[in-house]
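Please open the model in your viewer and display it as a cartoon. The stops below may be selected one after another.

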Amino acid sequence: MAVDQTVVMKLPRRTHNWREKYGIGLDVGCASIKGVAITHQGKVLARVALPTQDTGSTRWRLNIRRALEQLQTAVRSEPAWIGLGAPGLPGPERRCIDFMPGRLRGIEGLIWQDFLRAKCGVPVLNDAQAALLGEVWRGAARRARNALLLTLGTGVGGAALVDGRLLGGHIGRAGHLGHISLNPHGERDVANTPGSLEGAIGDCTIEGRSHGRFKTTGALVAAARAGDSEARRLWLESVRALAAGLVSLINVLDPEVVVLGGGIAKAGPALFRPLGRFLSEFEWRPGGARVMVRPARLGDWAGAFGAAWNSMKSNCLEIK
């Protein structure tokens, strides 16, 4: 969705008790900031979308404060809970992002509770982890206890929920699903993984994989739909690689549902139909068990929903 230069809100007029407790979820992306004010029952009170304006300085952080202020103004009260999702590896106490090189200058080590002047704690998640929790709470993986999310875009991000617990790992690397290896002799990706899933389907490699013919996966899919046989071959090769990666993850983590988001997942049937055929060929299905593969339902707002959910859950709130 295009991000306006001004705040975008949806405000309830007569149906909300303004003294009702609510939480705010903030999703910080390199291109845009999303914020949502929401009750523990999932009732959305207001939304905000702002450009991040990541220009190499730390001024982008001011738009986070602006988003928070606009949401509080819309709801006419302070939130009881605030949560945040952002790119990078969260610190062990989940108060900040410890590692995020190259982008969003000033995010590493920033204690968000202090920066936002919040009276409550502000738990921090990786953005893909936040998106998965959003989809589990109100989206395509609703109420699942074992779920995977892959975001298919410039790169391939991901997150995993296993037996109701979000996987973080020893230093926060768990869930980088795009960096599994499909070919030990392939080129190395940004995480130094040879022949990764990200390299096989991410937009970051499409020019190389198509020998310069296509700059985006969207253009490749359009050409395949128009009858270009070479584009169709390349696209199906990419989807086959995705299926191989998914069955590997399914065998390791045993999810009940896999959610696919990001720009490439917006290809719709052009993605999900061949993917379903490859999964029928590759997937191990003991007793006929079959993992559901679904498109993300919350779209660009999943991370904000998940950040709010995480904050509420961190405060031991029973969430509907």
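This tour visits a sheet, the helices packed on it, and then one of those helices in detail.

The model is a predicted one. Begin by selecting the five strands of the open sheet, whose order is S10-S9-S8-S11-S12 and whose pairing is mixed. At its edges lie strand S10, residues 165–166, and strand S12, residues 292–295, each of which pairs on one side only.

Next, select strand S9, residues 156–162, together with S10. These strands run antiparallel and are joined by two bridges. Show Val162 and Arg165 here: Val162 stands opposite Arg165 of S10.

How far does H3 reach from its first C-alpha to its last? The 12 residues of H3 reach 16 Å, close to the 16 Å expected at 1.5 Å a residue.

Display the side chains of H3 next. Of its 12 residues, 10 are buried, and the helix is thus mostly covered. Among the buried residues are Leu132, Leu133, Val136 and Trp137, as well as Gln129 and Glu135.

Finally, select Asn126 and Ala128 at the start of H3. There, a side-chain oxygen of Asn126 comes to within 2.9 Å of the backbone nitrogen of Ala128; Ala128 itself is buried.

Notes. Residues are numbered from 1 along each chain as its sequence is written. This is a predicted model: local features need pLDDT of at least 70, side-chain atom pairs count only at pLDDT 80 or more; totals for chains, interfaces and linings use all residues. Side-chain values use heavy atoms; hydrogens and water are left out. Two strands pair if DSSP finds at least two bridges between them. Helices (H or I, at least four residues) and strands (E, at least two) are DSSP runs, numbered from the N terminus. The expected span of a helix is 1.5 Å times one less than its number of residues. Buried means under 20% relative accessible area, exposed over 50%, partly exposed in between (1.4 Å probe, protein chains only). A polar contact is a pair of N or O atoms within 3.5 Å; within protein, one must be able to donate a hydrogen and the other to accept it, and residues adjacent in sequence count only if both atoms are side-chain atoms.
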